[in-house]
Amino acid sequence: MNTKTTVLGQTYQFRDLKEVFAKANEDKSGDQLAGIAAADSRERVAAKQVLADLTLADIRNNPMVPAEEDEVSRVIEEGINEKIYNEIKNWSVAELREYILSHQAGDNELKRISRGLSSEMIAATAKLMSNLDLITAASKIKVVTHANTAIGQRGVLASRVQPNHPSDNVQGIKASLYEGLSYGIGDAVIGINPVIDTADSVKDILNMTKDVMTKFDIPTQNCVLAHVSTQMRAIRNGAPADLIFQSLAGSEKGNNAFGIDVALLDEADELMRKEGTSYGPNFWYFETGQGSELSAEAHHGMDQVTMEARCYGLARKYNPFIVNTVVGFIGPEYLYDSRQVIRAGLEDHYMGKMHGLPMGCDVCYTNHMKVDQNDMDNLGILLSSAGVNFVIGVAMADDVMLNYQSTSFHDIAAFREVMGLRPAPDFEKWLEKMGIMENGRLTAKAGDPTIFM
Amino acid sequence: MDEQWIQSVGIDVGTSTTKMIVSRLRLGRMSSTFSLPRYQIVERQLLYASEVHSTPLIGFDEIDADGIGAILAAEYDKAQISLSQIKSGAVIITGETASKKNAQHIVHLLAERSGDFVVATAGADLEGVLAGKGAGAEKRSQAMQGVIVNVDIGGGTANAAYFQRGRAIATVTFHVGGRLIRLSPQGVVQYVSPNIQQWLTAKGLRIPVGQEIGFAQLTEVAEQLGRSMLDYLTGKERQVSGLLVVGPHLRDAIPVDELTVSGGVGLLMSGPPVRNIADASRYGDFGPLLGYVLQQEREKGTYPVQWLDPDQTVRATVIGAGMQSTEISGSTVHIKPELLPIKNIPILKLELTEEQLADATRLRQEVASIYQLGERLFEKTTGIPFALAISGIGYCSYALLQTLSQELSEQYRATFPESQTMVVICETDMAKALGQALALRCKGAPEIICIDQVRVEYGDYIDLGEPISGTIIPVVVKTLAFDERP
Amino acid sequence: MEQQLDFLVDKVVAELQKKLGEVSEQAPSPKTETGLIQLRSEPKAEPVANATAAPTPAPVVNEQPAPSKEPERTTHVPNPKYKEGLDELLSSTPARIGVWRTGVRPLTKTMLELRRDHAAAVDAVYGEVSQAVLDQFSLFTVETQYDNTENYLKRPDMGRILTEEGVRMLQERCQKKPQVQIVVSDGLSAAAVDANLKDVLPSLMDSLKSYGLTCGTPFFIKGGRVASMDHVGEILEPEVLVLLIGERPGLVTAHSMSAYMCYRPRKGMVESERTVISNIHRQGTSPVEAGAHIGTILSKMLEQKASGVKLVL
């Protein structure tokens, strides 16, 4: 395995694969914080150059987080289809990139090759891609999933309505939910982040959302984004959950910091098969985001893009209904400004789709980042063009519980209108029935939450 | 601690029937671990409902207190509940019943027989509201846009409560009930309540006491009585029908969209048709006929309201009393556990304006005049003369807290020197800070109990239960005065 | 006990009788009439002098702290299907709902309100705590190694360590091994300290007094992160420490403060060993109430010799 190269007259010798992977990344404050980022642009290019020439076998044979030490590595390793891998193991990362972007590789081809790739290999290609490469590649992959309804079809931009409330007031949650529905938002999921992580509170909110869905016959799914074990308790107490949620990290240690492991996910998966209230076959809602492993000091000296890809490797095991990268929530020490956030959003979406996952993105930022709503407009449009499965809808983009800004109900309506995208088909029919949408456009009734009172 | 159950009892001694229920209420943490603790009742389960007993009488108008005691003792036994387990609840004694000669004896007996923290109360307003809750009208109002009224018709009175968007907005009580006219099986009128005499006269109706009454004539009275009540409830006519009203009238007619009828007469509405005097008098009164004519009105649809079936009929009040009477105060409070429970404390309201909050002199004057009012209204006691309910404070800064606690404590000590405990109820979440500030000033003379986030009005009485897990205080507010619509 | 019961029974019966209107012959003072009877009969009596002059309080959403005077929220939905319902929705949440639209975009006013609140939030991050507020409580200032705001944002690790100068100042000016150590820091919102310290801190001091706890020398850390409390713990070795620190500003408020509390803070503490009360501001957790409650938590920490998840509250 060659880890040496010369760029503009200077020779670079990288210590190991981890260093090559980290330094080949586009600039991120999180990699700087970890002390593993390239010192300058020239070193970055050198690392990319070395990476481009490595073979897929080099990556597999030099595990950066050994499977003996980490169960996420084991899940990823066990998921590889040996037959497909053997066909391509001698490809360089450059060749893989070019294959992915070539016209000969369509949706089916990419899904097939995906099964022979490890998460690290997919991360490697992302490091060699420009933003437009990431968009081009991702836009070829269509991932349709089904719980109560199907999303992910071509030409569809679905959305999660996120009607959070600072004290979980059920009436207050309902108020934002009505507002969102009246803008045609909520086809991916009605998902609430609770303040109170108790089974009671989770059950109350699940019951309320289910009641609204039943009353108005809304073709969607409900979910409360508490810790998975709290949701499991609520479900065992009879709460109606169409989807079960959990945040994932890309290492066993990172997952332990979240209070989960593969055994617990397996148990939750089993429970959903028995007691989940949706038709399936996809029951999971996962969230990820670059930097979470470092924040738990569980990154094994690896860069945040590769760790993020490993989350998708883990997610893939559970055939989720939706996966959401919460791209700008973590803060400026991981993604400093809009440039880094936009890059990360496109990387995550691409890497997730290359894993065959139904990727969505919480296009978002916190107030201590050098980012504003204009940047969200940009990333939202870029992801819409890349075929993102869903984005997040919050009233006027301002989440009054999590204290950050995402995309608004208006924004999603605009993405759809500008990009010629539609809500999920069943949901659009329902919107028409409610008189909120006609021929893919909002009607004069849209935006009045009291139509649900 | 994430959850805790408390057991609550409801007892309803009515003019004609007596029943009790036992329920359990679950307190759940309603705040995150990063906030101040806050608990609420998150679940109410009915554990036991007694059968409906005839209220035992001695003669015509005296309640057999010992008989009631025996019924309760047997029911507690059947329910396998010991009194020490009961932490909250309410006993409702219907107005007419309680006004009988031996009311005192009954209340006394009930207080003994119904556990640690159970209050005996009998406000028709509260009864109406509790019956409305038990009948499901309150819940229904949250799911609709207009107003729903539940009228709970028992033996002597009918208690109506209006609900809108989950809030009780008005109550009214009528002399309408199954036992106002009592009959022998042959149709001889044995008794007519004097309470409806004026109304009968105004209507030109006569009922011959001691004589046989014809079925048609009795039906006419029942129909007129039912219609008068419905006229008043729906605002169709309030002059003549108003003669049936007990206590305060509604200020304005309230447009009603939906109606439920609970109580014993509510149950009789779904009984068999009443075709002759034998059908009518099967319980010794004209209750079955009253239920039947109301059912006829419902079927005819003369009144422009939607009639709905209540969740509960004869047990609506007792279920409301047992399951819906208890609230929980805010969980950051200032208390001395050994001073609780306390019962039947009247409310004195201190409603502060922005001007008074901004000006120490005006604040002092306001506190002084409210304390003077308290002095006149309530008897001097070494205990608790009243609970001071403070409202109008938007944001309480530390500076305001100091001024407020200074004025409240200094004047309290001067005006009520014999009182050993001062009880304060804040509308907003500030009880711990205010209690602490008061206690630092008073140093035990008086002791301070300060709770918050309970809404009370003038004329309310309040009971505070023993703290659960240290700081969770069950509260029963006995609403005797009713807020008219804002 | 028996006496008490009699008293209770008398009261109930008296109330019953009043309720039944059967005691009209009683002749109490006029004030009594007004206080207990008039208010619930019609027509509503003229307000009693001084007693009922206050306006009816606005409906309060029970589950959340009552907001103080906020700017009136208005809705722009032109023809709502259920107008009263819209007010009810608005009063149930601080979320920006009922805002209406032009095409698929927000109205200008709504958009500008969002930008204004974002501006306030950004200002809070880049602002500085007012010296007057620090002087009011005689807090002297030490700094962490954060250097500048940009670096502070990128390098949280540097906000956890005091400068050598800061360490020296603590050693010189602070009482060692106090029972309670109070520390204040700007964190991500200087405005939070400016807005809340004057209410939280004295209420906390009163609470400590009520519990009979003694307090060391309080001070202010500029450029502090939560874990700076660990470094302070190493230097001063308090039994318990509370850090009052500005939170990451949101749009609803840029003035929110948190209190992080820890039993025997020292290097290498993990998050689960800290107890936190967050969202302390005018519209959130009441600052004076939070101050009083923090005292209770600290006293429990001392009692149980534990903090964070091990602390039973």
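Q: How many residues of chain A are in contact with chain B?
A: Two residues are in contact if their C-beta atoms, placed from the backbone, lie within 7 Å. Here, 5 residues of chain A are in contact with 9 residues of chain B. The chain A side has 3 nonpolar, 1 polar and 1 charged residues (Ala, Val, Leu, Ile, Met, Phe, Trp, Tyr, Cys and Pro count as nonpolar, Asp, Glu, Lys and Arg as charged, and the others, Gly among them, as polar).

Q: What should I know about the model and its labels?
A: This is a predicted model, in which local features need pLDDT of at least 70 and side-chain atom pairs count only at pLDDT 80 or more, while totals for chains, interfaces and linings use all residues. Residues are numbered from 1 along each chain as its sequence is written, and chains are lettered from A and ligands numbered from 1 in the order in which they are written.

Q: Which domains is chain B divided into?
A: Domain bounds come from an automatic or database domain assignment. For chain B they give domain 1 (3-122), domain 2 (126-317) and domain 3 (329-478). Contact between domain 1 and domain 3 of chain B takes 13 residues from domain 1 and 15 residues from domain 3. On the domain 1 side, E7(B) gives the largest share, 3 residues, and by class that side has 8 nonpolar, 3 polar and 2 charged residues.

Q: At what angle do helices H14 and H15 of chain B cross?
A: Helices (H or I, at least four residues) and strands (E, at least two) are DSSP runs, numbered from the N terminus. Axes are lines fitted to C-alpha atoms, for helices over the stretch in contact, and angles run from 0 to 180 degrees between N-to-C directions. The axes of H14 (residues 398-415) and H15 (residues 431-442) of chain B come within 9 Å and cross at roughly 50°. That makes H14(B) oblique to H15(B) (under 35 degrees counts as roughly parallel, over 145 as roughly antiparallel, 65 to 115 as roughly perpendicular and the rest as oblique). Residues of their contact divide into 8 nonpolar, 4 polar and 2 charged.

Q: Is C:Ile97 buried or exposed?
A: A residue is buried if 20 or more other C-beta atoms, placed from the backbone, lie within 10 Å of its own, exposed if 12 or fewer, and partly exposed in between. C:Ile97 has 27, so this residue is buried. Its place is the loop between helix H3 (83-92) and helix H4 (108-126) of chain C. Among the residues that C:Ile97 touches are A:Ala175, A:Pro449 and C:Leu89.

How values were computed
Lists of a residue's contacts leave out its neighbours within four places in sequence.
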